[in-house]
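Please view the sequence and the model first, then read the points grouped by topic below.

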Amino acid sequence: MSFVGSTIGPIRIEDRIGIGGMGEVYRGFHERLERRVAVKTIRADHRLSGEVKARFLREARLLSKLGHPGICQVYDLIETPEADFLVLEYVEGRTLKELSASGLSAERRLRLCELIATALAAAHRERIVHRDLKADNVMVTPRGEVKVLDFGIARSVAESGSRPGMDITGERTAGGVGGSADGTGSGATPAPELTRLGDLIGTAKAMSPEQARGGRVTIASDLYSLGILMQELFTGAPAYEAEHPVAVLAQVMRAETRPITGLDKDLTLLIEDLQRLDPRRRPTAEEAAERLRWLLDQPQRQQRRRLIVSGAVATFLVLITVLAVVSWLAIEARRAREDAERRRAQAEDLIVFMLDDLSPRLDAEDRLELMGPLSNEARAYFEAVPENRLTDAERSRRIRAIRVIEDIQRKGMILP
């Protein structure tokens, strides 16, 4: 039965846009709110009991109050004799599965996974579990925003006594629709079991081992599904090798996914941590989002590291150059000093020679007055060169020269 052209409460049904596991999905227009909505039918055999319906509505309201941009909102549940209708946020875009088939860069895939993990973290803080997370249930808008769809009523259906079975084929809704809200409780209330033992609600290849075994499903179950989604998104291959539904289910129960090869080691480690058989060993959604942000920042860190290394190399080269120049200057200074010392030694040797050798000859000829200017110049030279800069040999020569000058002065031939 098609509802196209019908009016459901304040909603005018415009077109059928897909088929979901619960029924058909329509695009509608909410006359009072004046906005487009998605309307999902709940077939008669999936209708909710009064108690479960009340719980579902409480959790739908909780999600609506949460108002997270990464979670498709549930607006209303309308009951009619023909069927019940979920009124959902209408989302334009393509599913992650469709988008990935067209090719995505590694950075874009990391960014989308980070947004999904962030949305899960927001729901998990309110103890709301998705329980059927897969690429078909994630919409990407034209602006690159993520909307996680179908926080489904699978738990609610199970609690109503229906056993709809396991979605082996991965049935999905078409692009441009919203999802419905499901949860495990609200506030600080512990999350109860989402299925009765033996009930399998969800997509086999996306569910967690505990879910496949019909056991207790918690927020950690969503993280396993996120790990499966990420493996398939980044490797482009199914996470499980088996193809037959029964064989797939057996591998899911044991968490036996394909080995991951060819990916960044830190990304591989994150996916493997998400796919731990023991739910207690899986990271939380917040931890997964943080690790994804760390991976996203990796190119920038490498660039910063390269800049630091380049800067260090440049600094090292400058330092080597400065050291080379300083060494050259030191060598030149040492050479100049040695040359100056050599010349000073020669000058003082000449002074000593003239004073020590010529003075006796001039004294014998009674011409010591000729030594006056030389003696005065010798004293001026000695005063210009501090004694603390002399070697022992130079100091000895100077003492000899000074004694000669004093001897000449004592003879009264040269004014002091």
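Two strands are taken to pair if DSSP finds at least two bridges between them. On that basis, the bridge partner of Phe29 in strand E4 is Arg36. The model described here is predicted.

- Strand E3 spans residues 24-30 and is mostly covered, with 6 of its 7 residues buried.
- On one side of the pairing scheme, strand E2 (residues 11-19) joins E3 in the antiparallel sense over 7 bridges; here Ile13 stands opposite Gly28.
- E3 also runs antiparallel to E4 (residues 35-42), to which 6 bridges join it.
- A hairpin is formed by E3 and E4, with 4 residues between them. In its turn, Glu34 has a positive phi of about 55°.

**Nonpolar core**

- The largest nonpolar core has 38 residues, and those with the most contacts inside it include Leu96, Ile116, Phe151 and Leu292.
- Among the elements that each supply at least two residues of this core are helices H2 (96-101), H3 (106-125), H6 (219-235) and H9 (285-296), together with strands E8 (138-140) and E9 (146-148).
- H3 gives the most to the core, with 9 residues.
- Leu96 touches residues that include Leu104, Leu112, Ile116, Val138 and Leu229, leaving aside residues up to four places away in sequence.
- In soluble globular proteins, nonpolar side chains tend to be buried together.

**Helix H7**

- In helix H7 (residues 245-254), the buried residues are Val248, Leu249, Gln251 and Val252. They lie on the same side of H7, because they cover an arc of only 165° around the axis.
- These buried residues of H7 pack against helix H5 (209-212) and H6.

**Salt bridges**

- The structure holds 18 salt bridges.
- Glu14 meets Arg12 in a salt bridge at 3.5 Å, N to O, and Glu14 also meets Arg27 at 3.3 Å, N to O. The pair of Glu14 in strand E2 and Arg27 in strand E3 links parts of the chain 13 residues apart.
- A salt bridge also joins the side chains of Glu114 and Arg293 at 2.7 Å, N to O. Glu114 lies in H3 and Arg293 in H9, so this pair ties together parts that are 179 residues apart in sequence.
- Glu114 is buried, with a relative accessible area of 6%, whereas Arg293 is partly exposed, at 34%.
- Through salt bridges that share partners, Arg12, Glu14, Asp15, Arg27 and Glu31 are joined into one network.

Note on methods. Residues are numbered from 1 along each chain as its sequence is written. This is a predicted model: local features need pLDDT of at least 70, side-chain atom pairs count only at pLDDT 80 or more; totals for chains, interfaces and linings use all residues. Side-chain values use heavy atoms; hydrogens and water are left out. A nonpolar core is a set of buried Ala, Val, Leu, Ile, Met, Phe, Trp, Tyr and Cys residues joined through side-chain atoms within 4.5 Å. Buried means under 20% relative accessible area, exposed over 50%, partly exposed in between (1.4 Å probe, protein chains only). Contact means heavy atoms within 4.5 Å. The arc is that of the directions from the helix axis to the C-beta atoms. A salt bridge is a side-chain nitrogen of Lys or Arg within 4 Å of a carboxyl oxygen of Asp or Glu.
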